[in-house]
Amino acid sequence: MYQDVQYNVDFLYTALYLEDEGIFSRYARWLYQLLCPLMEYFTRERVCAIMVEHYELIRSCLEKAVAEETRPKLHRLLDAAIWATRDECAHGSQERPDKGRYEQETGQYLNLLLQSDTQGAMALVAEYMNAGLPLGDICVDIIAEAMRRVGDLWHGHRISVDMEHYCTSVTQMALSQLYPLIFGQKRRGKRVLVACVGSELHEIGARMVADLFEYHGWDSIYLGAAVPVEAIKSAALEHRPDLVALSVTMPQHLPHCREAVKQLREQDPGIKIAVGGNAFSGTKIWAGWDVIYTEDARNLVQWAEDTL
C-alpha cells in the first residue's frame, strides 16, 4: 500500500512539475478502472469513495509540504482527479477504439500470444512479412496494436502480469527474426540515436522506431531502456546523430524527458530531437520543447526522410 501511495504521488508530482492537469486526471480514471475489478468485493461507488478519500488525504498531507504559492495548483490537480474519478464511476469509459484495417491479423497474433503459442506467434509474424505486408504496418498496425490490447487486458485483470511479460518477450523475439531484412537495406549515410529516458522500462516502441529507421537505410544507435540523461548526452556527443528519438511510455518519466531535451540542446543547440510514446497521448506538453512529435513511428521516419 505504501508503494502504491508513492506511485500515486509520483504522478501528482509529474502533473504539478509540468503544470499539466490532464496527466493526473487521466491517471485517476486509469487507476479507478484498475481498482474496480481488483476490489471486486466493493461496489463501484464504494471504490470511488475510497479513492476520493485517498485524494483528500494526499491533499491534507501535501498542503503542509509544498510552498504556499504552489498550493492553488495542487488543489486544482486534486479537484480535477476527484471529478474524473466520480465521472468515471457514474458514466464509465465511452471510448470504443475503431477497428483497424488489420483487425484480423491483429486478432490472430493476439490470440496466439494468449494461448502461449510462442512458435505460432513467431511464425505468424514471418508469414505477414512473406505475404508482402509493409514492415511499418506489421510493427505499428499489428504488433503495437496487439501489445496495446495486452496492456488493456492486464489493466482489466483479465490476464496476469506474468502473461503480459510473456507477450512482450515473445514479441521481441518475433521482431528479431526480421532483422536480416531490416539491417540488409542500402545505407543512406544518416544516423539516429534512440533511447528510453530515465527509468523507463517499456522499450518495444523505441525498438520499433530504431528498426524502422534501419529498414529505411539509417544507422541506428539503440541505447535501450532506462537510459540516464548523462548517458544520452554522452552518446549524442560521441556519435553525432542526425536525429535523437526519445521514448516515454509512463507519464511519471516525462520530467526526465524534458530535462534530457534541455540538456541535449545546451550541449548542441542545433540538434534535432523527436519525442514519442504513450506518455504523450492526450497532452501537448511537448509543444514548448522545440521537438518533433508524432504518434506514429512511420510518420517520424517519413518526416526525417523529407527533412533531414
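Which helices do the buried residues of α8 pack against? This report considers that helix, then α10 and His155.

## Basis of the model

The model is predicted: local features need pLDDT of at least 70, side-chain atom pairs count only at pLDDT 80 or more, and totals for chains, interfaces and linings use all residues. Residues are numbered from 1 along each chain as its sequence is written, and side-chain values use heavy atoms, with hydrogens and water left out.

## Helix α8

Helices are DSSP runs (H or I, at least four residues), numbered from the N terminus. Helix α8 comprises residues 161–176. Its 16 residues reach 23 Å from first C-alpha to last, close to the 22 Å expected at 1.5 Å a residue; the expected span is 1.5 Å times one less than the number of residues.

Buried means under 20% relative accessible area and exposed over 50% (1.4 Å probe, protein chains only). In α8 the buried residues are Met163, Glu164, Cys167, Val170, Thr171, Ala174 and Leu175. They cover an arc of only 135 degrees around the axis, which puts them on the same side of α8; the arc is that of the directions from the helix axis to the C-beta atoms. Asp162 and His165, on the other side, are exposed. The buried residues pack against α5 (103–114), α6 (118–130), α7, α9 (179–182) and α10.

## Helix α10

Of the 12 residues of α10, 10 are buried, so this helix is largely enclosed by the rest of the structure. Among them are Ile204, Met208 and Phe213. Gly217, which follows α10, has a positive phi, near 90 degrees.

## His155

His155 lies in helix α7 (residues 135–155) and is buried, with a relative accessible area of 10%. Not counting residues up to four places away in sequence, His155 touches Trp30, Gln33 and Leu34; contact means heavy atoms within 4.5 Å.

Definitions and conventions
Helices (H or I, at least four residues) and strands (E, at least two) are DSSP runs, numbered from the N terminus.
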